[in-house]
Amino acid sequence: MSALRSFRHDVSSSVVVFLIAIPLSLSIAAASGAPLLAGLIAAVVGGIVAGALSGAPLQVSGPAAGLTVIVAGTIAEFGFAGTAAIVTVAGLLQILLGITRLGRAALALSPTVVHGMLAGIGLVIALSQVHVALGGAPQSSAWANLRDLPGQVADYHSVSVLLGALTMTLLLVWSRLVKTTMLPATLVAVVVATVVATATGADVERVDLPANPLSAITFARWPDAPLWEVLPAVLTIALVASVESLLSAVAVDRMHHGPRANLDRELIAQGTANAVSGTLGGLPVTGVIVRSSANVAAGARTRASAILHGVWIAGFVMAGAVLLEMIPMAALAAVLVVVGVRLVSLAQIRTYARHRELPIYVVTAVGVAATDLLIGVGLGMATAVLFMLWRLARCEIHVTEPTSGAWLVSITGTLAFVASGRLTRRLAALPPGQHVELELHLDYLDHGAYETIRDWQASYTRAGGDVHVNEVHGSWLHRAGTDGLGTGKCTSPCATRGRRPPDARVLPPPRSTPIP
């Protein structure tokens, strides 16, 4: 009985995901410059093949907006048949990565860089598809799309604009008006725009599918280009598809209480799906968080939901292509404008701002949008490394003026020679002849900084002052070769064989702001 109940949940969930997948697959194929059928093939293969083999049972796979820019560039360079062959080889590479258990290694890439990459791709998608929504054609780069946007607005096609605006409005407000998962906003928006366009007899560009889909499949054919030109495209598609799928699988794990994802198996499943999709002339496949979250929210229990959604798409393409050909391209472009804008997540921007990682996010996003994906990601990773090195060499110096008793100087972090000048200035600013508590919360102390502390204390005590050094974390001063500095005391765990002496006093954290 429980198995039957689970299957009923899976059937209803598969219908919801199917209704979302159809317009998204068509939109992504159109934005990639691929045959529209290629997006539907990828959706079918992603559902059936990746769903059957998946290491994340509730994840739903298909063509993803995050690969749109990459695929568009690859098609422009190698043609669609050549791109399909590249997708096939990228899938085989993913299988190899999964077999060698490197699935989790893909997660070593900074999430800030990954989300910045997706934000950059979202900007490129939105800037290109807004031209289509206005009745025009996208340009070859984000900068060209942005430059020509005012002219496109001035030369807009009113019917396309109205259909696009109607689609976007419904996408943004539907979920707030109707609390049901059985009528997804994407489906409602596209259906309403299609009905309006058909009822008014609007002369707009519409979806164009072959009369016999099976006979129109473009099978993979190795591009007529040197291997060294093809290899970067293979690696890019394989790595980006892998990272996006694994991040999606991890995110889906947080949405349910069922079995946790096996990331290596998931990578093998994604690679197999890409090998099959590319061979059959489909777009690259990844785990898609939009479909996956809808699948979980609709109550899916097993992998049967993902598989069934692929079956429904295949059946609908074979039997209902006439209905798909009624959809205005402006409506599909409007869907992708909203999808692209949503890839720039305000919640993520706030999170990275709190963690002081926003520059990494911005550099990656702008780099991807302004140049290309590889350069943008490279710039983001370089920025992330620089931030990491800066944090490793960073220390905070707090000085608290006493109301009575001693001055408190608290140094936290990594104290290296590069901070010696700043440390010297802060210590020199202390009034002479006072009692000073120097409290160290250090991860590392190099010899140059040690000499700075030692020289300052020697001169300060000679001038009549008194310094007490307390190492709260570690015993760096003791390791530097002394149990005391000048005439003051040094209290460290190592100096007392790991026990804090009775007279050592751990002072509370200072209530002051860091001195820059």
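Trainee: What percentage of the 516 residues in the protein chain do buried residues make up?

Mentor: Buried residues, meaning those under 20% relative accessible area, with exposed over 50% and partly exposed in between (1.4 Å probe, protein chains only), make up 50% of the 516 residues in the protein chain. This is a predicted model, in which local features need pLDDT of at least 70 and side-chain atom pairs count only at pLDDT 80 or more, while totals for chains, interfaces and linings use all residues. Residues are numbered from 1 along each chain as its sequence is written, and side-chain values use heavy atoms, with hydrogens and water left out.

Trainee: How many helices and strands does the protein chain have?

Mentor: Helices (H or I, at least four residues) and strands (E, at least two) are DSSP runs numbered from the N terminus, and the protein chain has 19 helices and seven strands.

Trainee: Which residues are buried in α15, and what covers them?

Mentor: An α-helix has 3.6 residues a turn, so residues three or four places apart point the same way. Helix α15 spans residues 358–370, and its buried residues are Ile360, Tyr361, Thr364, Ala365, Gly367, Val368 and Ala369.

Trainee: Is leucine 231 buried or partly exposed?

Mentor: Leucine 231, whose place is in helix α8, is partly exposed, with a relative accessible area of 42%.

How values were computed
The expected span of a helix is 1.5 Å times one less than its number of residues.
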